Amino acid sequence: MSELQNQRVTVELLGKEQQFACPEGQEDALIAAAKNLNDLVEQMKQRSTVRNDQKALLMAALNLSHELLEAKTQATVEQQHQDQLIDKLSQQLASDPKHKE
């Protein structure tokens, strides 16, 4: 069994370089995530009176957490809707004499 190789990736967060271990092949995703986080922190600073990096970072993290929870809820609702449609289709097929053996 082969072990996953982690790469050390340097990204800039809040104006400082930080190093993170990253699975091989995921370096670009980590860099993009850091850029997205930096952009969100800057947006938080511009949209509010917050100028402190730590506070802006917390606000960005809360915003991301909220968006993730909304996406999970929406995905659950959509899955339930698909399940209902599949059940209806299965019932229709089961009651259609053309599909009975």
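The model is predicted. It holds 3 salt bridges. Helices α1 and α2 have axes that come within 8 Å and cross at roughly 110°.

**Salt bridge Lys35–Asp39**

- Lys35 and Asp39 pair through their side chains, with an N to O distance of 2.9 Å.
- Both residues sit in helix α1, which spans residues 27-47.
- They are 4 residues apart, so about one helical turn separates them.
- Asp39 is partly exposed, at a relative accessible area of 34%.
- In general, side chains of opposite charge can pair when their charged atoms come close.

- Glu42 and Lys45 form a salt bridge at 3.9 Å, N to O.
- The two residues lie in α1, 3 residues apart, which is about one turn of the helix.
- Glu42 is partly exposed, with 41% relative accessible area.
- Lys45 also forms a salt bridge with Asp53, where the closest N and O atoms are 2.2 Å apart.
- The cut-off for a salt bridge is 4 Å, so the Glu42–Lys45 pair at 3.9 Å counts as one.
- Is Lys45 buried or exposed? Lys45 has 16% relative accessibility and counts as buried, because buried means under 20%.
- Asp53 has 27% relative accessibility and counts as partly exposed.

**Crossing of α1 and α2**

- Helix α2 runs over residues 53-95.
- In general, two packed helices are described by the angle between their axes and the distance between the axes.
- For α1 and α2, the axes come within 8 Å.
- The crossing angle is roughly 110°.
- Angles of 65 to 115 degrees count as roughly perpendicular, and α1 and α2 are therefore roughly perpendicular to each other.
- The crossing is right-handed.
- On the α1 side, the contact involves Asn36, Leu37, Leu40, Val41, Met44, Lys45 and Arg47.
- On the α2 side, these meet Asp53, Ala56, Leu57, Met59, Ala60, Asn63 and Leu64.
- By class, the contact of α1 with α2 has 9 nonpolar, 2 polar and 3 charged residues.
- Lys45 and Asp53 are among the residues that meet here, and they also form a salt bridge.

**Met59 in α2**

- Met59 belongs to helix α2.
- Met59 is partly exposed, at 28% relative accessible area.
- Beyond four places in sequence, Met59 touches Met44, Ser48 and Val50.
- Met44 of α1 and Met59 of α2 are both listed in the helix contact.
- Met59 and Lys45 are 14 residues apart in sequence. Their C-alpha atoms are 9.4 Å apart in space.

**Val77 in α2**

- Val77 is also found in helix α2.
- Val77 is partly exposed, with a relative accessible area of 44%.
- How many residues separate Val77 and Gln92 in sequence? They are 15 residues apart.
- In space, Val77 and Gln92 are 23 Å apart, C-alpha to C-alpha.

**Val9 in β1**

- Val9 lies in strand β1.
- Val9 is buried, at a relative accessible area of 7%.
- Val9 and Ala21 are 12 residues apart in sequence, with a C-alpha to C-alpha distance of 6.3 Å.
- Which residues is Val9 in contact with, leaving aside neighbours within four places in sequence? They are Gln18, Gln19, Phe20, Cys22, Glu27, Leu30 and Ile31.

**Leu14 between β1 and β2**

- Leu14 is placed in the loop between β1 (6-13) and β2 (16-23).
- Phi of Leu14 is near 55°, a positive value in a residue other than glycine.
- In general, most residues other than glycine have a negative phi.
- Leu14 has 25% relative accessibility and counts as partly exposed.

Key. Residues numbered from 1 in each chain as written. Predicted model: local features only at pLDDT ≥ 70, side-chain atom pairs only at ≥ 80, totals over all residues. Heavy atoms only, no water. Buried < 20%, exposed > 50% of the residue type's maximum accessible area, 1.4 Å probe, protein only. Axes fitted to C-alpha atoms, helices over the stretch in contact; angles between N-to-C directions. Parallel < 35°, antiparallel > 145°, perpendicular 65-115°, else oblique. Left-handed = near helix turned anticlockwise from the far one by under 90°. Contact = heavy atoms within 4.5 Å. Nonpolar A, V, L, I, M, F, W, Y, C, P; charged D, E, K, R; others polar.
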